[in-house]
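Here is a short report for someone meeting this structure for the first time. Look at the sequence and the model, then read on.

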Amino acid sequence: MLLMFDDKHKNHLSFLLDIDIAVLQEFCKISLEFIKKGANPKVYQGAAQKLSVPAETVQNGVEGLMYLLTESSKLMISEIDFQDSILTLGFREDMQRELLALYLTHRREVRAILSEMAMDVPHYHNLEWRLDVQLASRALQRQITPIVTMKLQTKDGEDMMSHVLQTDPVNLVHLTKVLDEALQEIKSPYCRRIFRNIK
Amino acid sequence: MELSQLVLDGLILAGDAAHVNDKGFSVLVTRAFDGLIDDRHKNLIAKDPSFRGEDQAVVKEVYAALVTLVAEAAKHDLDTSSISSLLEECKFNNERIETFNKIYTAKKQLVQILLSGVGTTPRHIVDVDWRLDYYIKNNHLEKVNEAVYLVSLKTEVSESPGLKEVQFSCTQEQLQDLVGKLKDACKCLEKISQS
């Protein structure tokens with residue numbers, strides 16, 4: 001799968017074609033930094049003064065690189081496809097190598113950042129349990145009721161939630177059995193076949 | 001177990017053949033148990049033809065006293081001999097004591113099960129649903145390709161009708177962690193039940 005660039009994007013990147021390789025390296029570093037921590041417009045000003053070009057050109061160049069990097073990481077394109085994609089942009093050979101290295105070294109990291117942006121539902125985080133025997137209550141004295149009390153922690157993004165739940169031995173065994181079945185299902189030939197075939 | 005004077009007075013009335021005849025007594029005791037066990041039977045006594053023409057105030061007082069006795073006796077898990085001595089003090093004859101004890105022995109456990117549900121407890125897990133998805137992509141990321149479980153625990157909330165759900169998702173590793181911990185708990189229970 002090749003990346004498609006629209007004319008505007010090509011235009012933004014064209015500024016990078018004639019610069020020194022060291023400057024490109026600097027641009028790559030800045031782009032990566034911005035993907036990780038968010039953009040800092042002050043950097044554009046400084047770089048623009050050094051290179052004596054308008055700040056907007058620098059901004060377009062950095063954003064063009066960021067887009068190139070996020071888009072290729074998003075699609076997880078192969079090494080060959082990446083090379084073929086940037087071939088059409090007119091970069092020099094040493095620049096192509098630089099961009100490829102940038103992509104290959106950092107795509108995992110970029111994907112991790114992208115995956116944080118994805119919507120998510122509350123996730124299992126931890127479970128703690130304890131075994132109690134209820135001996136009496138206001139309504140009923142002299143009882144021996146075994147109870148498994150559990151604290152289920154789920155995480156929704158950064159928010160941690162705690163659920164205090166309880167169950168009796170029969171339901172605990174049932175719960176364990178049903179969830180164990182769920183775990184076995186993933187190893188079934190059917191699921192494995194599907195996993196293999198979705199690429 | 002302590003009963004208030006009001007309840008004791010009601011019980012004395014119940015044991016008094018001048019106020020409650022034998023048939024009426026057995027109906028009252030049965031209804032007292034049924035009324036406690038099933039909410040729908042709570043007011044059956046009001047329409048019962050056995051008490052037509054009787055003094056409704058007496059019927060009411062006796063019924064209330066019997067219901068209290070049943071609930072308190074079950075709460076304290078009294079045996080029939082303690083009940084007998086209590087009823088003797090309320091001037092019950094042997095026949096009535098036996099009638100009461102017979103029904104009490106038969107229904108005590110049911111009443112106790114009901115009583116055990118009274119009070120606040122954490123949400124009680126009674127069932128679980130799961131679903132297995134293969135997460136392919138989202139708007140920010142292609143080729144995510146991982147298995148995701150959606151688990152929904154069905155829980156009963158004390159003293160409120162219906163089931164409430166606790167939902168969460170987990171990866172295969174997380175579910176393994178969860179099931180491992182649940183198996184530990186099961187093993188622990190098994191060990192204790194055998195010792």
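## The COMM stretches

Start with residues 124–193 of chain B. The chain here is 31% helix and 46% strand. Keep in mind that the model is predicted.

An unreviewed UniProt entry lists residues 123–190 of chain A for "domain: COMM". Over these residues chain A is 28% helix and 49% strand. The end C-alpha atoms of residues 123–190 of chain A are 26 Å apart.

## Domains

Domain 1 of chain B covers 5–116, and domain 2 of chain B covers 120–171. The C-alpha centres of these two domains of chain B lie 47 Å apart.

## Where the chains meet

How many residues does the contact take from chain B and from chain A? Chain B gives 47 residues and chain A gives 50 residues. On the side of chain B that touches chain A, the elements giving two or more residues are helix 6 (94–116), strand 1 (123–135), strand 2 (146–156), strand 3 (163–171) and helix 7 (172–194) of chain B. Helix 7 of chain B gives the most to that side, with 13 residues. By class, the side of chain B that touches chain A has 25 nonpolar, 15 polar and seven charged residues.

## Helix 7 against helix 7

Now take a helix pair that spans the two chains. Helix 7 of chain A (residues 169–185) packs with helix 7 of chain B at an angle of about 145°. The axes of helix 7 of chain A and helix 7 of chain B are 9 Å apart. Their crossing is left-handed.

Which residues meet here? In helix 7 of chain A they are A:P169, A:L172, A:V173, A:L175, A:T176, A:L179, A:D180, A:A182 and A:L183. In helix 7 of chain B they are B:L175, B:Q176, B:L178, B:V179, B:L182, B:K183, B:A185, B:C186 and B:L189. The residues of this contact divide into 14 nonpolar, two polar and two charged.

## Helix 4 and its partners in chain A

Within chain A, look at helix 4 (residues 55–75) and helix 1 (residues 7–14). The axes of helix 1 and helix 4 of chain A come within 8 Å and cross at roughly 120°. That angle makes helix 1 of chain A oblique to helix 4 of chain A. The crossing of helix 1 and helix 4 of chain A is left-handed. From helix 1 of chain A, A:H9, A:H12 and A:L13 meet A:N60, A:G61, A:E63, A:G64 and A:Y67 in helix 4 of chain A. This contact has two nonpolar, five polar and one charged residue.

Helix 3 of chain A (residues 41–51) also packs with helix 4 of chain A. Their axes come within 8 Å and cross at roughly 115°. Is the crossing of helix 3 and helix 4 of chain A left-handed or right-handed? The crossing is right-handed. A:Y44, A:Q45, A:A47 and A:A48 in helix 3 of chain A meet A:A55, A:V58 and A:Q59 in helix 4 of chain A. The residues of this contact divide into five nonpolar, two polar and no charged.

Notes:
Residues numbered from 1 in each chain as written. Chains lettered and ligands numbered in written order. Predicted model: local features only at pLDDT ≥ 70, side-chain atom pairs only at ≥ 80, totals over all residues. Axes fitted to C-alpha atoms, helices over the stretch in contact; angles between N-to-C directions. Helix = DSSP H or I, 4+ residues; strand = E, 2+ residues; numbered from the N terminus. Parallel < 35°, antiparallel > 145°, perpendicular 65-115°, else oblique. Left-handed = near helix turned anticlockwise from the far one by under 90°. Contact = placed C-beta atoms within 7 Å. Nonpolar A, V, L, I, M, F, W, Y, C, P; charged D, E, K, R; others polar. Domains from an automatic or database assignment. UniProt positions renumbered as here; feature names shortened; annotations may be inferred.
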